[in-house]
Amino acid sequence: LKDNEDALLEACKRDLGKSSFETYLTEVGWCENDIIFMCNNLEKWVKDEAAPDIPLMNKALSPRIRKEPLGCVLIIGYAWQRGFILRRCITDSGISRAYNFPIQLSLGPLIGAIAAGCTAILKPSENAPAAAAVMEMIIKKSLDQSAYRVVQGAVPESTALLDQKWDKIFYTGNMNVGKIIAKKAAETLTPVTLELGGRNPAIITRNADARLAARRLLWAKLLNAGQVCVSQNYILVDKEILPAFIAEMKKAMDEFYPQGAKASPDYGRIVNERQFLRLKKMLDESQGKILLGGTMDEKEKFLEPTVIQVDNVTDSLMVDESFGPLIPIYPVKNLDEAIRLANEVHDTPLGIYPFGNKQETNRILAETRSGGASVNDGFFHASIPTLAFGGVGESGQGSYRGKASFDCFTHRRSVTTTPGWMESLLNVRYPPYAGKLKQFQRMSNLSPNFDRDGKVKRNLATYILTLGGGSFMAAVKRYLFVAILALGVKQYQLRRLGS
């Protein structure tokens with residue numbers, strides 16, 4: 001990757017009009033750091049792990065978790081341009097997605113697979129052909145071709161790949177194709193990780209900082225010209241703060257792009273004509289009012305950042321994921337309405353972005369579901385390379401990044417070793433069983449810490465000995481705290497006597 005940084009930067013410029021800064025920030029530098037992070041921690045991760053919560057009578061069997069590679073894995077870094085169900089095309093299946101970060105979303109899972117010891121086939125997105133070609137060249141030159149291969153192509157190649165037996169399939173793309181892959185994988189009981197998307201809401205309460213919300217959400221939606229699956233798809237704004245929020249959006253737009261977005265070297269383009277026309281159709285069919293932006297150039301595949309005020313959840317900008325620089329704003333009366341609408345539009349999005357005071361943001365987190373969340377920001381959680389990332393429900397299953405990438409492709413194998421000297425203790429398990437039941441119960445039965453009404457029993461001696469902690473570890477922490485406190489008091493007293 002280091003040797004081919006310039007080629008990768010140029011490839012993303014050709015495929016997406018992406019600036020070198022964005023490509024390095026979100027693609028090349030990201031993957032290079034991920035590799036170094038893996039190398040720095042891999043020796044620790046692969047070691048056998050002592051099994052937790054093992055009863056004393058089983059400690060002698062040395063229960064442990066052994067880390068083993070799942071095997072040969074398939075990494076699909078895209079969604080088909082046309083909907084397909086194994087060997088045949090049907091109606092449009094939705095949004096191709098992994099072309100938006102063609103390097104990170106392809107090599108990120110591959111790095112995890114290599115770290116876990118798996119062999120892998122990578123199918124990159126055909127919608128970012130320049131990046132796919134450079135990745136193939138790098139992998140051919142750098143990795144053992146008997147263990148790691150790149151397969152280029154579209155529907156026929158993907159169909160052929162899915163017809164094979166894999167030990168795991170990792171897919172990044174849209175929900176419709178995700179269902180097809182999961183169904184195909186189920187035929188051979190192949191585990192899958194699905195990184196999908198969703199109609200992610202941002203919620204701005206009346207107590208939010210309008211300036212911070214505008215700047216942060218505008219950046220989140222304009223990175224990569226809005227082609228980011230985890231960015232907000234719409235913004236629910238309390239009517240009380242709406243005028244200030246829109247004013248701050250305009251200020252931030254002027255600050256980010258003083259000569260306009262089209263003239264800025266920092267603003268990307270839509271990946272291809274098909275996606276451009278899809279976005280144009282969404283905007284044309286919207287019943288909302290354009291507040292900012294709205295210009296476009298089909299020849300350049302340029303779509304200006306566009307803020308639209310909508311008032312119906314059935315609006316074209318609300319019913320589908322835009323995956324572009326369209327920013328619908330939906331005014332709400334209060335937080336109750338915002339939470340209700342967020343759950344109504346999509347109850348398991350990939351991310352949610354609440355802005356407000358602590359009480360309000362905690363309530364939003366408690367009353368919604370999402371793959372991840374960034375409080376008072378736009379998808380910051382997804383920009384931390386070592387933080388596990390994934391969806392829930394319709395936005396995906398499984399997670400990766402950092403150690404989670406290693407775990408994603410690792411089988412945790414439970415192992416015990418029974419020593420010969422334990423044979424007399426194991427006699428209770430051998431027939432005949434006459435007279436052995438009570439012996440076994442004495443050895444294995446746990447006593448509940450609650451009565452028949454569910455009330456927790458309090459053991460006075462345990463409570464005193466653990467200083468109210470209730471467990472050995474809690475007691476250790478409390479005794480340590482008391483010792484430090486006592487030492488501090490003693491030092492204070494000695495200093496007073498000395499003075």
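Which residues are buried in α6? I would like to start there, and to say at the outset that what we are looking at is a predicted model.

The buried residues in α6 are Val177, Gly178, Ile180, Ile181, Lys184 and Ala185. They cover an arc of only 160° around the axis, which puts them on the same side of α6. As for the helix itself, α6 runs through residues 175-186, and its 12 residues reach 16 Å from the first C-alpha to the last, close to the 16 Å expected at 1.5 Å a residue. The cover over its buried residues includes β3 (72-76), α5 (155-162), β6 (168-172) and β7 (192-195).

Let me step back to the whole chain for a moment. The protein has 499 residues, of which 48% are buried, and its secondary structure amounts to 16 helices and 20 strands. The C-alpha trace spans about 85 × 70 × 55 Å along its principal axes. If we take the contacts between residues at least 6 apart in sequence, 69% of them join residues at least 24 apart. The exposed surface comes to about 25,500 Å², with carbon and sulfur atoms supplying 55% of it. There are 63 positive and 53 negative side chains, and the centres of those two sets lie 9 Å apart.

Ala116 counts as buried because its relative accessibility is 9%, and the cut-off for buried is under 20%. Along the sequence Ala116 and Thr410 are 294 residues apart, yet their C-alpha atoms are 5.7 Å apart in space. Beyond its neighbours within four places in sequence, Ala116 is in contact with Glu68, Pro69, Phe406, Phe409 and Thr410.

Now to the loop between α7 (210-222) and β9 (234-238), which holds Ser231 and also Asn224. Ser231 is buried, with a relative accessible area of 2%, and, setting aside its neighbours within four places in sequence, Ser231 is in contact with Asn200, Ala220, Lys221, Gly226, Tyr353 and Phe379. Asn224 is likewise buried, with a relative accessible area of 2%, and Asn224 has a positive phi of about 60° although it is not a glycine.

On backbone geometry in general, most residues other than glycine have a negative phi, and most peptide bonds are trans. Ser62 is partly exposed, with a relative accessible area of 40%. Finally, the peptide bond that joins Pro431 and Pro432 is cis, with omega about 0°, and Pro432 lies in the loop between β20 (410-415) and α14 (437-444).

Key:
Residues are numbered from 1 along each chain as its sequence is written. This is a predicted model: local features need pLDDT of at least 70, side-chain atom pairs count only at pLDDT 80 or more; totals for chains, interfaces and linings use all residues. Side-chain values use heavy atoms; hydrogens and water are left out. Helices (H or I, at least four residues) and strands (E, at least two) are DSSP runs, numbered from the N terminus. Buried means under 20% relative accessible area, exposed over 50%, partly exposed in between (1.4 Å probe, protein chains only). Contact means heavy atoms within 4.5 Å. Accessible areas come from the Shrake-Rupley method with a 1.4 Å probe; for residues, only the protein chains shown count as cover. Lys and Arg count as positive and Asp and Glu as negative; His and the chain ends are not counted. The place of a charge is taken as NZ of Lys, CZ of Arg, CG of Asp or CD of Glu. The expected span of a helix is 1.5 Å times one less than its number of residues. The arc is that of the directions from the helix axis to the C-beta atoms.
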